[in-house]
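Student: Can we go through this structure together? I would like to start with a ligand and then move on to the fold.

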Amino acid sequence: MNDALMQKMKERINELRKLPGVGSKTIKDVLEENGISRRDFLKWSASMAAMLGLSSSFVPVVAEAAEVSDRLPVLWLHLAECTGCSESLLRTDTPSVDDLIFNYINLQYHDTIMAAAGWQAEENYEEALNKFKGRLILCVEGGVPTKDGGEYLTFGPHAETGLEKLKRTAEAAGAIIAVGTCSAFGGIQAAAPNPTGAVGIHKVLNKPVINVPGCPPSAKNIVGTILYVILFGALPAVDNFNRPKFAYGLRIHDLCERRGHFDAGEFVEEFGDTGAENGFCLYKVGCKGPYTFNNCSRERFNQHTSWPVQAGHGCIGCSEPDFWDAMKPYEKPLADNYLASIDADATADKIGITILTVAGVAIAAHAAISAMKNPKE
Amino acid sequence: MAKRVVIDPITRIEGHLRVEVVLDDNNKIVDAYSSSTLWRGIEVIVKGRDPRDAGFMTGRICGVCTYSHYKAGIVAVEDALGIEPPLNAKLVRTLLDYSLFYHDHIVHFYQLHALDWVDIFSALEADPIKASEEAFKYVPKGYNPIATGADELKEVQKRVASFAKKGDLGPFKNAYFGHKTMRFTPEQNLIALSHYLKNLEIQRIAAQAMAVFGGKNPHPQSLTVGGVTCIMDLQDPSRLGEYLTKFKQLAEWTNRAYYADIVMAAEAYRNEPSVTQKNNLGNYITYKTMQTGKNSFLFDACGYIKDFDLGKFYEIDESKIEEDVTHSWYKDTGFRHPYNGETIPEYTGYVDGESIDGKGDVVHTKVVNPKGKYSWIKSPRYNQEPMEVGPLACMVVNYAKGNERVRKVVDEFLAKTNLPVEALFTTLGRTAARMLQTKVIADYGIEAFNNLVENLKVDQSTVSPYKIDKNKEYKGRFIGDVPRGMLSHWCRIKNGVIENWQAVVPSTWNAGPVDGNGKKGAYEHNLIGMKIEDPTKPLEVIRNIHSYDPCIACAVHVMDVKGKKLGEFRVDPLYGSC
Ligand code: SF4
Ligand code: SF4
């Protein structure tokens, strides 16, 4: 498996080497000019390899791939969103965002950070579409409104709808990454009753879309996915919802620091109680970790500073499809039948259900009793 | 002959915004229109749901001032249910606010606004040694500049030069560099460029500061109706220390870079009319924010001033806050208080027209219909008058009220820059006020932290208990200042679920279209009279609009469908009662 991967990667790099660069210099030249030592660079490559779940034998290949990566231009399109995903990207430190822009990717368009505006911005956009046709990496943030012809979002002096613009841009893309739950699954604006008919972008495109959900996804998951495309020249291995397995392969619950308490049946019963002081499991106050595929419990957020469960709040399931509807209420446990309907990784699910039913009998009973008490709820 | 310039998209903001200006023969703006081009509908989505879920959903109104709407959504419900959270919880919320304000303001100035003031390529011609000496001129007394040593500046030049040589400028392509209204010398540009890059690192510290008690950033997750959930972090002294260290690093950056750069801008741009032209709208409104102790707030004014008059402070009467949609893409007439907000979307789009393109040619484009509806943003009014909100409003209204800390910081800045107090009412003043607000936090904000530590010695509580009575009707609101100005959320709860939710957000006050009385909001009003050097490169307009720190996704969440079925809200019978 590793050999095949290595082979694929090497082929990819050779392919990239043949492509015209966007500038006359390679990343390596630029790095040297900037006084970034080979050692620092390898250190970075090692951390990248580790993040992507690759063994240390891949480090030199990762480094080599990064050196040719400026041949892959990135265009970032904002649809119906809150800009949280871009903000999350801004927090990246391996590589840092300036490194990313100056050295690793060739960011053609991103309207939250680019200098140009108005006609000049439009010009940049069209130029990128023409010049890099077929090899643009398109990152989309935000859901796409489809109701009433998509009139809930327009762009530019000609008032093109978001729907048209997305379709047109996707034509020129070599890879499409849906950054955040909004572009992956529609997100908050698609929650019932979905007044704008917002959907995840894959619903309106006929090309493969790689979903990097999360509200927002961590900087690591965004950057990691972009780098995967660069390194392998292919889309990463994905689950049923097209999420890269390297980031979304496990449940939050699988690596949670409170897991021991879950298994021992020790729960926070109410926020602020002694269970909360002792770091007990948050399942009963609504934690959706057992249903949520993401790596927050391993990678955390903001350079490992914390994550919601550490801060005493349950996971709300933000990397799952339709979580705003499916996971509500966010501070109460879900009914067990939710598990039966979820359709992610089937085997993993079964394991999860077993664990939950064993350790969660008391909870299920509690829920059933409550329901009897107040059937109207 | 009047010419029309359409700027769409306005980039380096949050959300989707179009601005149109009409120019006379001398390229003076005679009319202006602000139009938002996206609508998301979050309030209608919140309806029918568990009130305890609202904060998480309203939080997604904005991922930039992430936390503002989360807190507002939680506090509005607390207000409705009559819950008084423990002091610890209130103070932790303030600490989260600090990290948010730090983050928002420095990212706004350096990453979003700076490229309107700073010519990156001119910085390449600078003498780094001269620049490093010059940097000492701008810092406040007792501080040394940061990230401006000669060696450091040389590295910055080298880095940017080699990037430029690559032949593709990426995000800096097609900018307005070299524009006549850019006034920094090459040395000043170099100082600012170094800070632009350094701030990318500093903003991560601000985000981490939020994550310490917030769990993550963006979109923190440690608030709950009744209090906060981060009890373990509060009982862990090393966690408190982590926050404190980050707070201090941010305070340092504020003094040694942010403050200094604004002083530098004030000096370089004092003769640039497009940024020193006095605003046309002289009304400013703000609400108290950042609780620092049992009964103290860092910014304690809940009021407004009129016609630039700093001598007279008026208290707010909440019943006079209303919204109008005459020129917004919603059905309705007249002004409505947010508790009774009623709006049904009615998109009429843009109309065919002509405007000048980026080459100066007159071309067919879509343009706003000034007689009809032309924006997804509503027009909030106070007593039917337009008001400006934001850090400038916070500073001048607190100044008028006699908030001594604000007065001290503002007066010192005016003295250092040798500017009259009227200079506050300009594009430059608006940009400066955002920094001054940050400086007040840096200088005095630590009080909330100290009070929290004191209080934890005697009281460990983080959440107040409460009960929702399904047979009772509730209504409540949050009002407070967030990084972009006065924000309010208004909710009604019935049968245990949300019946109505309205958010009157800062950017609507500033960016809304003309109202039914023909009165324009701050963006439109304040642009009129400004002269443009080159209609194909309307940098002056962009700089002015950026000075408000536009947040448009936040401005266009608004909708309340009365009399319409809100969809089915499936309630699983297995969900336990509380
Ligand atoms: S996925 Fe979340 S963070 Fe990203 S844009 Fe949507 S609401 Fe904002
Ligand atoms: S239920 Fe949540 S808090 Fe409990 S162990 Fe699982 S992920 Fe952690």
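**Ligand shell, sheet and helix**

Tutor: This is a predicted model. In the shell around ligand 2, nine residues are nonpolar, two are polar and two are charged.

Student: How many residues surround ligand 2, and which are the closest?

Tutor: There are 13 residues around ligand 2. The closest are H253(A), C256(A), C281(A), L282(A) and C287(A).

Student: Switching to the sheet in chain A. In what order do the strands come, and is the pairing parallel or antiparallel?

Tutor: The order is β2-β1-β3-β7-β9 (chain A), five strands in an open sheet with parallel pairing. At the edges are β2 (106-110) and β9 (210-212) of chain A, each of which pairs on one side only. From one strand to the next, the twist averages 25 degrees.

Student: How many bridges join β1 to β2(A)?

Tutor: Four bridges join them, with strand β1 covering residues 73-78 of chain A and running parallel to β2(A). As for positions, P73(A) is opposite N106(A) in β2(A).

Student: Now chain B. What is the reach of helix α4 from its first C-alpha to its last?

Tutor: Helix α4 of chain B, residues 87-113, reaches 37 Å. That is close to the 39 Å expected for its 27 residues at 1.5 Å a residue.

Student: Where does α4(B) bend?

Tutor: The bend is at V107(B), by about 30 degrees.

Student: And is α4(B) mostly covered or mostly open?

Tutor: Mostly covered: 27 of the 27 residues in α4(B) are buried, taking buried as under 20% relative accessible area.

Methods. Residues are numbered from 1 along each chain as its sequence is written. Chains are lettered from A and ligands numbered from 1 in the order in which they are written. This is a predicted model: local features need pLDDT of at least 70, side-chain atom pairs count only at pLDDT 80 or more; totals for chains, interfaces and linings use all residues. Side-chain values use heavy atoms; hydrogens and water are left out. A residue is near a molecule or strand if one of its heavy atoms lies within 4 Å of it. Ala, Val, Leu, Ile, Met, Phe, Trp, Tyr, Cys and Pro count as nonpolar, Asp, Glu, Lys and Arg as charged, and the others, Gly among them, as polar. Two strands pair if DSSP finds at least two bridges between them. Helices (H or I, at least four residues) and strands (E, at least two) are DSSP runs, numbered from the N terminus. Axes are lines fitted to C-alpha atoms, for helices over the stretch in contact, and angles run from 0 to 180 degrees between N-to-C directions. The expected span of a helix is 1.5 Å times one less than its number of residues. The bend at a residue is the angle between axes fitted to the seven residues ending there and the seven starting there. Buried means under 20% relative accessible area, exposed over 50%, partly exposed in between (1.4 Å probe, protein chains only).
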